[in-house]
Amino acid sequence: MYNDDLVHFSNSDNCKELELEKQKGESLGVVIVESGWGSILPTVILANMLNSGPAARSGKLSVGDQIMSINNTSLVGLPLATCQGIIKVWSIQSTQAASMLFISCSLYQS
């Protein structure tokens, strides 16, 4: 299992950048969870998306994708509450598109 994880996360084709367009005050429309204790890449995982939210509208994200950063702020190794706070602050304050770096896990089966 761990070897497969390492191969998947080291494949640059699985790491993608995305620009998410949104309105001021509009949330990203995501539910995130921790990747779990012992994860090779400790970050947050996309657990659910609001159908009308910017994340779902992009059509590029899937449940299970690992979010690495938002607007060049790394989420790797941060506690879940901190990651949620980063997303919330961006949602409330920003009128600009968000740049998100994520690892696509939608086709990955461990």
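Biologist: Which residues does Met100 touch, not counting residues up to four places away in sequence?

Modeller: This is a predicted model, and Met100 belongs to its largest nonpolar core, where it is listed with Leu28, Leu61, Ile67 and Ile70 among the residues that touch the most other members. Leaving aside residues up to four places away in sequence, the residues that Met100 touches are Lys16, Glu17, Leu18, Leu20, Leu28, Leu61, Ile67, Ser69 and Ile70.

Biologist: Which elements give two or more residues to the largest nonpolar core?

Modeller: The core holds 18 residues, and Leu28, Leu61, Ile67, Ile70 and Met100 touch the most other members. As background, in soluble globular proteins nonpolar side chains tend to be buried together. The elements that supply two or more residues to this core are β1 (15-20), β3 (44-49), β4 (66-70), α3 (80-93) and β6 (98-103).

Biologist: What pattern does the protein chain follow when it is read along the sequence?

Modeller: The protein chain contains 3 helices and 6 strands, and it has 110 residues, of which 37% count as buried. Read along the sequence, these elements follow the pattern α-β-β-β-α-β-β-α-β.

Biologist: Which residue is the bridge partner of Gln66 in β6?

Modeller: Strands β4 and β6 run antiparallel and are joined by 4 bridges. β4 also pairs with β3 in the antiparallel sense over 2 bridges, where Val44 has Ile67 of β4 as its bridge partner. On the β6 side, the residue that partners Gln66 is Ile103.

Biologist: Which residue in β3 is the bridge partner of Val33?

Modeller: β2 and β3 run antiparallel, with 5 bridges joining them. Within that pairing, the bridge partner of Val33 is Ile45.

Biologist: How many residues lie between β4 and β5 in the hairpin that they form?

Modeller: β4 pairs in the antiparallel sense with β5 (residues 73-74) over 2 bridges, and Ile70 has Thr73 as its bridge partner there. Asn71, in the turn, has a positive phi of about 50 degrees and counts as partly exposed at 32% relative accessibility. Asn72 is also found in the loop between β4 and β5, and its phi is near 65 degrees, a positive value in a residue other than glycine. The number of residues between the two strands of this hairpin is 2.

Biologist: Is Asn72 buried or exposed, and what is its relative accessible area?

Modeller: A residue counts as exposed when its relative accessible area is over 50%. Asn72 is therefore exposed, and its relative accessible area is 74%.

Biologist: With which side chain does the side chain of Ser99 make a polar contact?

Modeller: Ser99 lies in strand β6, and at 13% relative accessibility it counts as buried. Not counting residues up to four places away in sequence, Ser99 touches Glu17, Leu18, Glu19, Ser69, Ile70 and Asn71. The polar contact of its side chain, at 2.8 Å, is with the side chain of Glu17.

Biologist: Which residue forms a salt bridge with Arg57?

Modeller: A search of the whole structure finds 1 salt bridge. Arg57 lies in helix α2 (residues 54-58) and its partner in the loop between β1 and β2, so the pair ties together parts that are 31 residues apart in sequence. Arg57 is partly exposed, with a relative accessible area of 47%. With the closest N and O atoms 2.9 Å apart, the partner of Arg57 is Glu26.

Key: Residues are numbered from 1 along each chain as its sequence is written. This is a predicted model: local features need pLDDT of at least 70, side-chain atom pairs count only at pLDDT 80 or more; totals for chains, interfaces and linings use all residues. Side-chain values use heavy atoms; hydrogens and water are left out. A nonpolar core is a set of buried Ala, Val, Leu, Ile, Met, Phe, Trp, Tyr and Cys residues joined through side-chain atoms within 4.5 Å. Buried means under 20% relative accessible area, exposed over 50%, partly exposed in between (1.4 Å probe, protein chains only). Contact means heavy atoms within 4.5 Å. Two strands pair if DSSP finds at least two bridges between them. A polar contact is a pair of N or O atoms within 3.5 Å; within protein, one must be able to donate a hydrogen and the other to accept it, and residues adjacent in sequence count only if both atoms are side-chain atoms. A salt bridge is a side-chain nitrogen of Lys or Arg within 4 Å of a carboxyl oxygen of Asp or Glu.
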